[in-house]
Amino acid sequence: GYEHPDLAEATRLLCERIKSDVGGLKDFYTHAEGGQWAEACRELRKYYAATQKPDGVPDPNYDLARANAIVAGQLSHAGLARHDPPPIDWAWMKTTDWYEHKNFLNRGAAVGVLADAAYHTANAAWAGRFREVFYDWVNENPKPEVMRGPDYPTWRTLDTAARLGWLASRFTKVTATAAVDDELWANYLYSIWEHVDYLKNDDFSGGNWLATITSAVTDAAGRFPEFVDRRMWLEYGKTGFERNVMRDVHADGKEMEDAPGYICMAYGAMLATLRSLEDEGITTTAEVRQRLERVQDFLAAVTAPDGIMPSIGDWGGCEPYALPAAAEYFGRQDIHYVLSKGRQGVAPSFSSINFPQGGWTIMRSPYEERPYENARHLVFKTSSGSHGHFDVLAITAYAYGRPLLIDPGIASYEHEDIQRYLKTAYHNTVCIDGLNQPRWRGRTDAWFSNAAVDYVSGFCEEYAGLTHRRSILFVRPDYWVVSDRITGAGDHRYEQNWHFAADAAPSAEAVTKRVRTNHASGGNLLIVPPDGSEHECEAFDFFIAEQRMTGVKSNVPARGFRYAAQGPPPAAFDLVLYPYNGADAPGLSVETLTQDKGDSLTALKVVAGDGIDYVFMTTPGAGRSSFADADVAIDAEVLLIRTSAGKVRTLAGRDVCRVVFRGHTYVEQKDPAGSVCIQDP
């Protein structure tokens with residue numbers, strides 16, 4: 001039953017909300033005092049036409065495809081297409097299990113695109129179509145009187161902020177379009193005020209929601225300084241922004257969400273809010289600025305050498321689109337280096353990094369390697385946050401120009417996709433009894449890095465009575481050793497799953513149980529368990545969400561492989577992830593150096609050509625482990641002995657007390673050394 005105000009009422013409402021002392025509005029005030037609302041509106045519009053100009057002149061070749069689609073009712077949002085010409089059902093839902101079409105529809109594109117069409121064509125017919133859809137939205141969706149939560153019909157705060165962005169950014173074009181009548185213009189400006197007024201009362205949002213909201217509110221405050229409420233909007237923007245950063249951005253720079261794309265979304269909006277506040281002379285705390293700058297470290301580190309962040313959580317793989325503006329703002333030459341793939345700036349001071357509060361670790365070969373895109377890159381996570389999946393202790397891996405171990409992503413938030421793509425079995429971690437992990441966060445409790453090795457270990461009490469620990473050693477710059485240990489009670493089935501790209505054509509050797517990808521050129525991956533492994537090795541089929549939130553069918557079939565075991569814990573999986581360049585897999589063997597099946601020690605001999613590596617990893621908290629056989633005796637928490645042609649080339653590890661190899665003592669000390677890296681000892 002709501003109908004938008006007529007010209008007189010809309011102008012009167014604006015008059016109540018505009019300051020009484022704005023220079024250039026003398027005639028507006030005079031006409032308003034006399035109740036001459038048509039004349040007052042005309043003067044107010046003239047003022048804005050003089051003070052706010054559109055970016056660029058009308059384009060006679062403007063592409064009307066999107067505008068024509070809206071008028072024809074071809075609405076496709078979040079992969080849910082429908083035919084609904086104006087008047088539009090703004091609350092339409094295809095199913096009752098999710099409502100992304102409604103959310104995207106109400107983010108303002110339908111109004112903004114038609115405003116663009118009217119401006120560029122200067123055509124009364126297009127102005128009429130803009131008028132029809134704008135009034136349709138306003139009349140069907142009056143501003144709520146109260147804040148009732150983030151899912152208030154069509155005024156969900158995230159979507160309201162996005163819609164405000166469309167409305168505010170097109171205001172200059174609406175003002176400059178002669179075919180837009182004054183009543184429509186006044187209602188458009190009043191709607192902008194209503195949107196900001198609604199959002200300023202939001203006190204429940206966080207993450208990318210609050211970031212988007214504060215960005216939209218502070219931007220509107222800057223664009224429309226004539227409104228009485230402007231100071232209140234800026235105060236809300238500052239308070240919400242600082243709360244957002246301090247609550248949702250860890251001290252290490254990892255934002256709370258578990259999807260790099262969503263982190264980019266939140267970060268871009270946070271940075272926009274910071275700049276809007278600074279434009280107004282409003283300062284923020286040093287800690288807020290420091291945390292915002294550190295977000296760049298995370299986004300740059302998680303970006304693979306091909307310039308794409310891996311598809312982890314609820315966002316497909318994408319470029320770190322928030323970084324260019326951030327690098328420019330903070331003057332970060334190391335970020336420019338990452339964005340330009342080494343062609344500009346200076347290399348970051350680290351190639352591998354752990355984010356202890358955020359629970360993410362990146363192990364990368366040196367930035368100086370060329371071609372830049374050939375570098376090795378692995379992402380490991382122990383977190384379980386917003387927009388994340390049941391994927392604690394999962395990894396993705398990239399090398400030699402392509403992703404080698406992937407996260408299948410998610411196609412949409414419809415029930416079928418949620419049930420498929422979120423589950424633990426769809427990620428590169430261990431799935432127990434075919435069940436999903438509970439929503440409990442894991443923890444990284446060991447990390448160190450030096451010139452020869454990176455080491456990380458984390459755990460998750462994933463299932464009742466069971467603990468899964470995953471430890472990874474990066475033998476720089478060549479390969480990763482992965483060690484999984486499951487402890488607890490009961491009888492269970494354990495499946496260590498590995499997912500590959502749709503065109504990887506993975507295959508397995510029946511006897512050795514080695515799994516490899518089969519790309520004709522470029523990057524490939526060889527997965528090698530220890531010789532004589534008793535684990536099952538089997539292929540499985542899965543789907544990849546190659547396109548997210550689109551009308552294109554994106555459930556692309558792919559094949560993965562898993563290693564599996566059955567029985568009471570402890571259960572153990574040890575293997576080597578060995579990336580290589582080209583079609584021919586290297587000769588590689590992995591041998592277990594101990595018959596101990598306990599949960600505290602991994603001891604492997606990795607043979608590649610004339611090189612032999614000895615790898616030892618002890619579960620954190622178990623203390624240093626002593627190990628001895630005919631060739632080697634060690635007392636260390638983590639140790640790599642790298643040999644070539646029978647000669648020791650590298651000794652590297654942590655908490656090393658003793659190393660005796662082939663009768664020669666290399667290290668003998670009472671107190672363990674922290675990080676050790678000895679070349680050609």
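Student: Which helix is Gly-112 found in?

Tutor: Gly-112 is found in helix α6; helices (H or I, at least four residues) and strands (E, at least two) are DSSP runs, numbered from the N terminus. Keep in mind that this is a predicted model, where local features need pLDDT of at least 70, side-chain atom pairs count only at pLDDT 80 or more, and totals for chains, interfaces and linings use all residues. Residues are numbered from 1 along each chain as its sequence is written, and side-chain values use heavy atoms, with hydrogens and water left out.

Student: Thanks! Is Gly-112 buried or exposed?

Tutor: Gly-112 counts as buried because its relative accessibility is 0%. Buried means under 20% relative accessible area, exposed means over 50%, and partly exposed is in between, using a 1.4 Å probe and protein chains only.

Student: What does Gly-112 touch, leaving out residues up to four places away in sequence?

Tutor: Gly-112 touches Trp-166 and Arg-170, with contact meaning heavy atoms within 4.5 Å. Phe-171 is worth a look too: the C-alpha atoms of Gly-112 and Phe-171 are separated by 9.4 Å, and the two are 59 residues apart along the chain.

Student: OK, so at what angle do the axes of α6 and α7 cross?

Tutor: The axes of α6 (residues 109–121) and α7 (residues 124–140) cross at roughly 160° and come within 8 Å. Axes here are lines fitted to C-alpha atoms, for helices over the stretch in contact, and angles run from 0 to 180 degrees between N-to-C directions. α6 and α7 are therefore roughly antiparallel to each other. For the wording, angles under 35 degrees count as roughly parallel, over 145 as roughly antiparallel, 65 to 115 as roughly perpendicular, and the rest as oblique.

Student: And is the crossing of α6 and α7 left-handed or right-handed?

Tutor: The crossing of α6 and α7 is left-handed. A crossing is left-handed if the near helix is turned anticlockwise from the far one by less than a right angle, and right-handed if clockwise.

Student: Which residues meet there, in α6 and in α7?

Tutor: On the α6 side you have Ala-110, Val-111, Leu-114, Ala-115, Ala-117, Ala-118 and Thr-121, and they meet Trp-126, Ala-127, Arg-129, Phe-130, Val-133 and Phe-134 in α7. The residues of that contact divide into eleven nonpolar, one polar and one charged. Ala, Val, Leu, Ile, Met, Phe, Trp, Tyr, Cys and Pro count as nonpolar, Asp, Glu, Lys and Arg as charged, and the others, Gly among them, as polar.

Student: What about α4 and α6, how do their axes cross?

Tutor: The axes of α4 (residues 65–72) and α6 come within 9 Å and cross at roughly 125°. That makes α4 oblique to α6, and the crossing is left-handed. Arg-66, Ala-67, Ile-70 and Val-71 in α4 meet Ala-109, Ala-110, Val-113, Leu-114 and Ala-117 in α6. This contact divides into eight nonpolar, no polar and one charged.

Student: Back to Phe-130. What does Phe-130 touch, not counting residues up to four places away in sequence?

Tutor: Phe-130 touches Val-111, Leu-114, Ala-115, Val-174, Val-180, Leu-184 and Tyr-188.

Student: Which residues touch the most other members of the largest nonpolar core?

Tutor: In that core of 70 residues, they are Leu-44, Phe-130, Phe-134, Trp-185, Tyr-188 and Leu-189. Helix α10 (residues 182–199) gives the most to this core, with eleven residues. A nonpolar core is a set of buried Ala, Val, Leu, Ile, Met, Phe, Trp, Tyr and Cys residues joined through side-chain atoms within 4.5 Å. A second, separate core has 57 residues, including Tyr-262 and Trp-315.

Student: Changing topic: where is Ala-122?

Tutor: Ala-122 sits in the loop between α6 and α7. Its phi is near 50°, a positive value in a residue other than glycine, and Ala-122 is exposed, with a relative accessible area of 63%. Leu-393 also has a positive phi, near 70°, but Leu-393 is buried at 0%.

Student: Last one: which residues does a cis peptide bond join, with omega about 0°?

Tutor: That bond joins Arg-476 and Pro-477, and Pro-477 is in the loop between β11 (466–475) and β12 (479–488). A cis peptide bond also joins Pro-569 and Pro-570, with omega about 10°.
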